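Keep the sequence and the model side by side as you read.

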Amino acid sequence: MAADALTIETFTEYGIGMVFLLVRLYARLHIGGIRGLGLDDVFAVTGMIFWTMLTAIIYLLGIYGNNIGLDEQTAMLVPDSKMADMILGSKLAFMNWIWYICYIWCLKGVLLCLYWKLTQGTWHRHLVTAASAFCVITWFICLLTHICICRPVEHNWQIKPYPGGKSRQSSSPENPQLNKSDNCTLRGPLYIVIAVFNVMQVAPPEGPKSQNPILTQRQI
């Protein structure tokens, strides 16, 4: 069976990204050994684990299917023979959001560790500390939004009856649009929360300006 475009794109991005992360890890081990590893390496390796699980589940979703994209009519057309697979796929899709959030915030942790090293001995380190606390808070908010946006939580992988609410017809009967309250499958507010907090990165603080060596020699 030929791979679809999403599978090709997913594994291509995964392969390229993992090459860079593995090269980084090898360089760190080659220079400082295991004892030379730091918190940024822990974040990097943890991010690699989350990314691997994320990629594997995306592939499995293409096999099992899930309730994303269904409505109250198409959900009832799902045959009973596929219910178990689609429920499993929907559970995997629910978990994949958690892996995705943790993966993105692990990369933020790597960046913050870099800023922590760059600001050693300067007052800018207080900004890095504040940014680190902010990242922990936003990570927790994104997880809570994902878990609490659809209650009870079992509705996240429910197939029949469709848990997302009724759809409203657009101007074309052949193009139904789902109700905006459909948070169990489309999860619109979660996209907004993650998008907003994900782009809130830390600007690299400006370190103390070093003296001009030529000027210093002239002064001497």
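In which helix is G62 found? G62 is found in helix α2. Before going further, a word on conventions.

This is a predicted model, in which local features need pLDDT of at least 70, side-chain atom pairs count only at pLDDT 80 or more, and totals for chains, interfaces and linings use all residues. Residues are numbered from 1 along each chain as its sequence is written, and side-chain values use heavy atoms, with hydrogens and water left out.

Start with the layout. The protein has six helices and two strands. Helices (H or I, at least four residues) and strands (E, at least two) are DSSP runs, numbered from the N terminus. Read from the N terminus, the order of elements is α-α-α-α-β-β-α-α. The protein has 220 residues, and 35% of them count as buried. Buried means under 20% relative accessible area, exposed means over 50%, and partly exposed is in between (1.4 Å probe, protein chains only).

Now take the pairing of α1 with α2. Two packed helices are described by the angle between their axes and the distance between the axes. Here the angle is about 160°, and the axes of α1 and α2 are 10 Å apart. Axes are lines fitted to C-alpha atoms, for helices over the stretch in contact, and angles run from 0 to 180 degrees between N-to-C directions. α1 and α2 are therefore roughly antiparallel to each other. The classes are these: under 35 degrees is roughly parallel, over 145 roughly antiparallel, 65 to 115 roughly perpendicular, and the rest oblique. The crossing of α1 past α2 is left-handed. That term applies if the near helix is turned anticlockwise from the far one by less than a right angle; clockwise makes it right-handed.

What kinds of residues make up the contact of α1 with α2? They divide into 13 nonpolar, five polar and five charged. Nonpolar covers Ala, Val, Leu, Ile, Met, Phe, Trp, Tyr, Cys and Pro; charged covers Asp, Glu, Lys and Arg; the others, Gly among them, are polar.

T7 gives a view from α1, the helix in which it is found. Is T7 buried or exposed? T7 counts as buried because its relative accessibility is 19%. G62 and T7 are 55 residues apart in sequence and 8.4 Å apart in space, C-alpha to C-alpha. G62 itself is exposed, with a relative accessible area of 65%. L61 is also placed in helix α2. L61 is buried, at 17% relative accessible area. The C-alpha atoms of L61 and S90 are 8.0 Å apart, with 29 residues of separation along the chain.

Turn to the rings. A search of the whole structure finds six aromatic pairs. Rings of Phe, Tyr and Trp (its six-membered ring) pair if their centres lie within 6.5 Å; planes under 30 degrees apart count as stacked, over 60 as edge-to-face and the rest as tilted. One of the pairs is Y14 with W51, which is edge-to-face, at 5.5 Å centre to centre and 80° between the planes. This pair links distant parts of the chain: Y14 is in helix α1 (residues 5-32), W51 is in helix α2 (residues 39-64), and they are 37 residues apart. Y14 counts as buried at 18% relative accessibility, and W51 does at 12%. F50 and W99 have ring centres 5.8 Å apart and planes at 25°, so this pair is stacked. F50 lies in helix α2 and W99 in helix α3 (residues 83-118), so the pair ties together parts 49 residues apart in sequence. Both F50 and W99 are buried. The charged end of K108 sits over the ring of W105, 5.0 Å from its centre. R125 places its charged end over the ring of W116, at 3.9 Å from the centre. The criterion is NZ of Lys or CZ of Arg within 6 Å of the ring centre and within 35 degrees of the ring normal.

Finish in the loop between α4 (125-148) and β1 (167-168), the place of P152. The peptide bond from R151 to P152 is cis, with omega near -5°.
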